Amino acid sequence: MDEVCEQLDQLVESHMDALDRLLTLHDTLEQKLSEGHLNIAKSRYSMGGRFVSALQFDNREFSALKRVFIKNKRLSDTQVVTSFTTEAAEEPFSTDFSENVRKRNVKKTEKSTETDDSAQSPPTDPCKWFGVLVPQSLKQGQRYFQSAIDDLCEMASIQSEMSSLKKEYTRLLKEKKRIGEEEKRVE
């Protein structure tokens, strides 16, 4: 019984540590997002509203600069923690789904092979969509948003860890209750 109580205490302590890390990350995420939005507003002011807008987006071919990977790690028989990490995208992830659509009576031309080769190019920096001489505030805003992605992944990992700790705590609490009932029967 004492062993189970000690395990419960350790789980509560671990849960509180994870909660503290989560709240700290939440504060830094909020700060990074507000700084990113402020830098975007500064660059819109310096370049003009029509130069930094959604009209500048290249909607034909869009590829991600970062990808999120999900890994499951089993700590014990009942405890599984999911971790989220980001890495730079080496291959472009295109949002063009036209290649998955079945086309009838269409012959493949040289133009379609050229577009397939261009789809394999590495992801481009979205700041280049707004011209060659972009303001420093636009680049800083991009850095804030990119680091916010890393914080979001870490927050998701911590939340998964907390969920796993809660399940383990519930299991140990039931075991403690079962042991307590057995001790009452013995007496």
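Trainee: How do you know that Glu182 forms a salt bridge with Arg178?
Mentor: Set the distance against the rule. A salt bridge is called when a side-chain nitrogen of Lys or Arg sits within 4 Å of a carboxyl oxygen of Asp or Glu. In Glu182 and Arg178 the closest N and O atoms are 3.0 Å apart, so the pair meets the definition. Bear in mind that this is a predicted model, where local features need pLDDT of at least 70, side-chain atom pairs count only at pLDDT 80 or more, and totals for chains, interfaces and linings use all residues. Residues are numbered from 1 along each chain as its sequence is written, and side-chain values use heavy atoms, with hydrogens and water left out.

Trainee: Why are Glu182 and Arg178 separated by about one helical turn?
Mentor: Because they are four residues apart in helix H3. A helix here is a DSSP run of H or I with at least four residues, a strand is a run of E with at least two, and both are numbered from the N terminus.

Trainee: And what makes Glu182 and Arg178 partly exposed?
Mentor: Buried means under 20% relative accessible area, exposed means over 50%, and partly exposed is in between (1.4 Å probe, protein chains only). Glu182 has 39% and Arg178 has 41%, so both are partly exposed. Elsewhere, salt bridges that share partners tie Glu168, Arg171 and Glu175 into one network.

Trainee: How do you know that Arg171 forms a salt bridge with Glu168?
Mentor: Their closest N and O atoms are 2.6 Å apart, so they pass the cut-off. Both residues lie in helix H3, three residues apart, about one turn of the helix. Arg171 is partly exposed at 33%, whereas Glu168 has a relative accessible area of 10% and is therefore buried.

Trainee: How many salt bridges does the rule give?
Mentor: The count comes to five. One of them joins the side chains of Asp151 and Lys32, at 2.9 Å from N to O. That pair links distant parts of the chain: Asp151 is in helix H3 and Lys32 in helix H1, 119 residues apart.

Trainee: Why does Asp151 count as buried?
Mentor: Its relative accessibility is 9%, so it counts as buried. Lys32 has 22%, so it is partly exposed.

Trainee: What makes Met162 buried?
Mentor: Met162 is in helix H3, and its relative accessible area is 12%, so it is buried. Contact means heavy atoms within 4.5 Å. Leaving aside neighbours within four places in sequence, Met162 is in contact with His15, Ala18, Leu19 and Leu22. Met162 and Asp17 are 145 residues apart in sequence and 9.7 Å apart in space, C-alpha to C-alpha.

Trainee: Which residues does Gln142 touch?
Mentor: Not counting residues up to four places away in sequence, Gln142 touches Leu65, Asp125, Pro126 and Cys127. Gln142 is found in helix H3 and has a relative accessible area of 17%, so it is buried.

Trainee: What makes the negative surface patch?
Mentor: Patches take residues with over 30% relative accessible area and no salt bridge, joining like charges within 9 Å and nonpolar side chains (Val, Leu, Ile, Met, Phe, Trp, Tyr) within 5 Å. Lys and Arg count as positive and Asp and Glu as negative, while His and the chain ends are not counted. Each charge is placed at NZ of Lys, CZ of Arg, CG of Asp or CD of Glu. The negative patch consists of Asp2, Glu3, Glu6, Asp9, Glu13, Asp17, Asp20, Glu183 and Glu187. Helix H1 (residues 2-47) gives the most, with seven residues. Glu183 sits in helix H3 (residues 136-186), and its 39% relative accessibility makes it partly exposed.

Trainee: And which residues form the nonpolar patch?
Mentor: Val12, Met16, Tyr169 and Leu173, with about 340 Å² of accessible area together. H1 and H3 are the elements that give two or more residues to this patch. Val12 is in helix H1 and counts as partly exposed because its relative accessibility is 38%. Accessible areas come from the Shrake-Rupley method with a 1.4 Å probe, and for residues only the protein chains shown count as cover.

Trainee: What pattern does the protein chain follow along the sequence?
Mentor: The pattern is α-β-β-α-α, from three helices and two strands. Of its 187 residues, 22% count as buried.
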